[in-house]
Amino acid sequence: MIPLTLADVIYWFNALFTAEGLAGVVFLCMMATVVAGAVFAVTSARLIRSVTGLALCFIGVAGIYYFLNSPFVALMEILIYVGAVCITISFAIMLAEPRQEDQGGRKNAMLWPMSAGAAVLLFWGLTMLAGKAQWPAIPTRINNGSLEDVGISLLTTYSMVFELISLVLLVAIIGSIVLARAGRSKT
Amino acid sequence: MNLQSEPVWLLVSLVAVIAFAALNAAYLVWVERKGAGHIQRRIGPKEVGPFGLLQPLADGAKLMSKQLLVPKGVDPVLFKVAPILVLVPAIMSFVTIPFSETLVGRDINLGLLMIFAFASVNVLGILIGGWGSRNKYAVISAVRAVSQNIAYEVPMLVIVLSIVMVSHTLNLNEIVRQQAGFFWHWNIFRLDLSLLMPVSFLVFFVCMLAETNRAPFDMAEAESELIAGAFTEYSGMGFGVFFMGEYANIVIGCALAVILFLGGWQCPFGVASGWWWFLIKLYALIWSVVWIRWTYPRTQFYGLLNLSWKILIPIAFVNLILTSAQMKLDNLF
């Protein structure tokens with residue numbers, strides 16, 4: 001137990017109400033949102049609740065992006081992940097999951113030891129990674145992260161990536177149309 | 001106290017926005033009932049106060065004094081989260097709407113994107129509410145709301161994209177500033193920017209009606225088929241909050257239409273621009289939304305989806321291509 005004197009308390013209280021202290025509080029709130037959403041998504045037995053947890057997690061991630069001074073990425077995170085991905089997932093659940101109650105699945109005797117082992121291994125790996133890895137230096141800020149800068153670098157430096165992504169999306173659209181048309185001719 | 005200092009302005013704008021949303025929700029219900037009454041050759045509410053003007057207060061008191069029932073079979077967490085998820089994003093969107101050049105909660109550069117980002121969360125609220133209610137009507141309503149929103153978000157975003165292309169900015173205040181002067185400088189009349197401007201306003205307005213679940217597109221809340229749709233199991237203020245969210249979304253949709261197409265806070269004759277012009281245009285548009293609701297019957301669901309996928313989306317894409325071609329031509333000559 002660390003001895004806590006009144007002077008310490010006052011020091012920490014003062015440190016909290018500086019710009020860095022408040023920023024830290026905001027950051028911790030975002031992290032708490034992310035972790036809470038993720039835990040909710042993983043632990044709940046009902047899929048639709050998991051989607052809600054996922055949405056909460058994404059909102060927290062968007063908050064972290066905003067905290068890191070990239071409002072464009074933050075808003076895109078909400079628009080695409082919360083507004084499109086989560087809704088599409090829940091749409092799929094609605095179409096595919098008529099029963100709500102029995103979600104238990106088969107209980108396996110090896111489940112607990114195996115998951116505990118996996119958790120320990122993962123923890124050990126992450127600890128080793130954190131301790132031993134040669135971390136690259138904190139990258140310098142390239143630009144303001146504003147919409148103009150993102151657009152310019154998408155169409156100059158990263159134009160190849162941009163084109164490739166649009167190609168992938170086009171393939172996905174054509175593929176879904178092919179699948180849907182096949183389903184239509186069968187019935 | 002300095003009103004322009006950061007924390008004070010944050011608090012003031014937050015309180016003002018919540019008050020504005022609540023006041024609008026209360027009095028738009030009155031407008032809706034009064035308008036419906038007169039359209040159907042009745043009087044509408046008249047007992048409480050002069051012209052029934054105190055009716056919203058009576059309604060609010062009634063809703064708040066009712067018990068908040070959580071039925072036995074529902075998913076308790078999702079059931080309680082859903083109304084919040086509908087209302088909070090709507091209130092967030094109000095923060096960036098410029099009522100006048102200076103009267104804006106937060107004049108951020110990505111205002112338009114922010115409104116669409118938070119508007120897309122709204123449907124998640126309806127979905128969770130409907131699914132969490134465990135009621136067959138509510139579930140059908142949730143499925144309808146989602147497919148409707150997916151269908152109408154596409155043409156709306158594509159239309160807005162063409163507006164962003166001609167105005168080169170996502171800042172709502174800047175978009176309004178570019179429409180200064182006489183009313184033929186408003187985006188809806190700018191045929192020199194895009195030949196299909198009036199058509200794109202129409203598409204935007206139709207999409208806005210569908211996104212806010214208004215008649216003739218209120219398939220998610222079709223009383224004659226689904227009781228009250230996703231809100232069937234809600235009582236008291238739970239239902240009230242959904243209602244507030246719905247009206248807040250209508251106000252945001254109309255405000256966006258006014259800002260993007262009708263010149264925002266600009267005066268039609270180039271003199272004395274200000275928040276009064278914004279409110280006049282906004283409420284005229286909201287009135288037309290009410291008017292449409294009580295004039296047209298509800299469409300069929302396949303009609304609704306066909307309208308979006310077969311008519312509005314092709315028009316939106318043609319508009320986008322035409323606008324970019326026109327921009328390119330302007331650059332050439």
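From the N terminus on, how do the elements of chain A run? Select chain A, colour it by secondary structure and follow the chain along: the order is α-α-α-α-α-α-α. That comes to seven helices and zero strands. Keep in mind as you look around that this is a predicted model.

Stay on chain A for a moment. Of its 187 residues, buried ones make up 14%. Now think about contacts in chain A with a separation of 6 or more: 48% of them join residues 24 or more positions apart.

Next, bring chain B into view and go to where the two chains meet. Here 21 residues of chain B are in contact with 19 residues of chain A. On the chain B side, select helix 3 (76-94), helix 4 (111-133) and helix 5 (136-167), the elements that each give two or more residues to this face. Helix 4 of chain B has the largest share, with 12 residues. Colour the chain B face by residue class and you get 19 nonpolar residues, two polar ones and no charged ones.

Now zoom in on helix 3 of chain B. Click Ala82(B): the helix bends there by about 25 degrees. A proline, Pro83(B), follows within four residues. Both Ala82(B) and Pro83(B) are buried, and other buried residues in this helix include Leu78(B), Phe79(B), Met92(B) and Phe94(B).

Methods. Residues are numbered from 1 along each chain as its sequence is written. Chains are lettered from A and ligands numbered from 1 in the order in which they are written. This is a predicted model: local features need pLDDT of at least 70, side-chain atom pairs count only at pLDDT 80 or more; totals for chains, interfaces and linings use all residues. Two residues are in contact if their C-beta atoms, placed from the backbone, lie within 7 Å. Ala, Val, Leu, Ile, Met, Phe, Trp, Tyr, Cys and Pro count as nonpolar, Asp, Glu, Lys and Arg as charged, and the others, Gly among them, as polar. A residue is buried if 20 or more other C-beta atoms lie within 10 Å of its own, exposed if 12 or fewer, and partly exposed in between; C-beta atoms are placed from the backbone. The bend at a residue is the angle between axes fitted to the seven residues ending there and the seven starting there.
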